Amino acid sequence: MKIKIQEEEYNLIIDKKISTKNTYIRVKDNLDIYVTCNTFTTDKSILKLIIDNEKSLIRMINRIKRKKAKEEYFYYLGRKYDLVYLNQNNITFGEEKVFVPPDFSLEKWYKKEALRVFQEELDRIYNSYLYKIPYPSLTIRKMKTRWGVCNVKSHRITLNLELIKKDIIYLDYVIVHELSHLLYANHSREFWKCVEDNFHDYKKIRRELKDYE
Ligand SMILES: [Zn+2]
């Protein structure tokens, strides 16, 4: 069945089950509208429910559209590119576009690049760090609420994969921040002094990172 919302046509898929008591409306990632309901729910009442809930449906559709638009951009070290799929084997960067093969996985590429760039920056900063600290091991993963974590006992630094999308100065600040935790496990005045000695402009960068999330 097709349904029109704000002049656009969507697939309406109705899944009737004897075990379902209530009626649920969902919008799938491919923008199909998916209704789960009881076997005895009539199509007429489903359509009425959709019309009654049009506003929240539009909100759901817009949210998915926004998410998709975001995924089609390629953010790398503070620059934004259009992602263009081409019949080629390698990845090439243009001024504002990046050309990728048809089977390109952005997430995999981010991980691989982060492994290289984060390790390089960690080594560079570690080598010029003003105080003696143990050399830490590095873990990279996606985190929802933190840019970096330092495990003081195991000398392990975890960096948020999302940093690969931002200007490298933010990565450098987070590395200095986490390295400084190897000396001070808290956010004491001594800790911030240590950060500042190794990263003079840290206040500005820290503020910008906070604004971002
Ligand atoms: Zn901290």
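Predicted model: local features only at pLDDT ≥ 70, side-chain atom pairs only at ≥ 80, totals over all residues.
**Entry 1: Leu179 and the cores**

I then turned to the largest nonpolar core, which has 42 residues. Leu179 is one of the members that touch the most other members, a group that also includes Phe74, Phe118 and Tyr173. Helix α3 (residues 106–128) supplies the largest share of this core, eight residues. I noted a second, separate core of 16 residues, with Ile25, Val35, Ile58 and Ile61 among them.

**Entry 2: Ile46**

I located Ile46 in helix α1 (residues 43–52). Ile46 has a relative accessible area of 1% and therefore counts as buried, the limit being under 20%. Beyond its neighbours within four places in sequence, Ile46 is in contact with Ile14, Lys16, Val35, Cys37 and Thr41.

**Entry 3: Salt bridges**

I recorded 14 salt bridges in the structure. In one of them, the side chains of Asp172 and Arg124 meet at 3.1 Å, N to O. Asp172 belongs to helix α4 (residues 168–180) and Arg124 to helix α3, so this pair ties together parts that are 48 residues apart in sequence. Asp172 is buried at 12% relative accessible area, whereas Arg124 is partly exposed at 43%.

I also examined Asp197 and Lys193, whose closest N and O atoms are 3.0 Å apart in a salt bridge. These two residues are four residues apart in helix α5 (residues 189–198), so about one helical turn separates them. Finally, I noted that salt bridges with shared partners join Glu107, Lys142, Glu162 and Lys165 into one network.

Conventions. Residues numbered from 1 in each chain as written. Heavy atoms only, no water. Buried < 20%, exposed > 50% of the residue type's maximum accessible area, 1.4 Å probe, protein only. Contact = heavy atoms within 4.5 Å. Core = buried A, V, L, I, M, F, W, Y, C linked by side-chain atoms within 4.5 Å. Salt bridge = Lys/Arg side-chain N within 4 Å of Asp/Glu carboxyl O.
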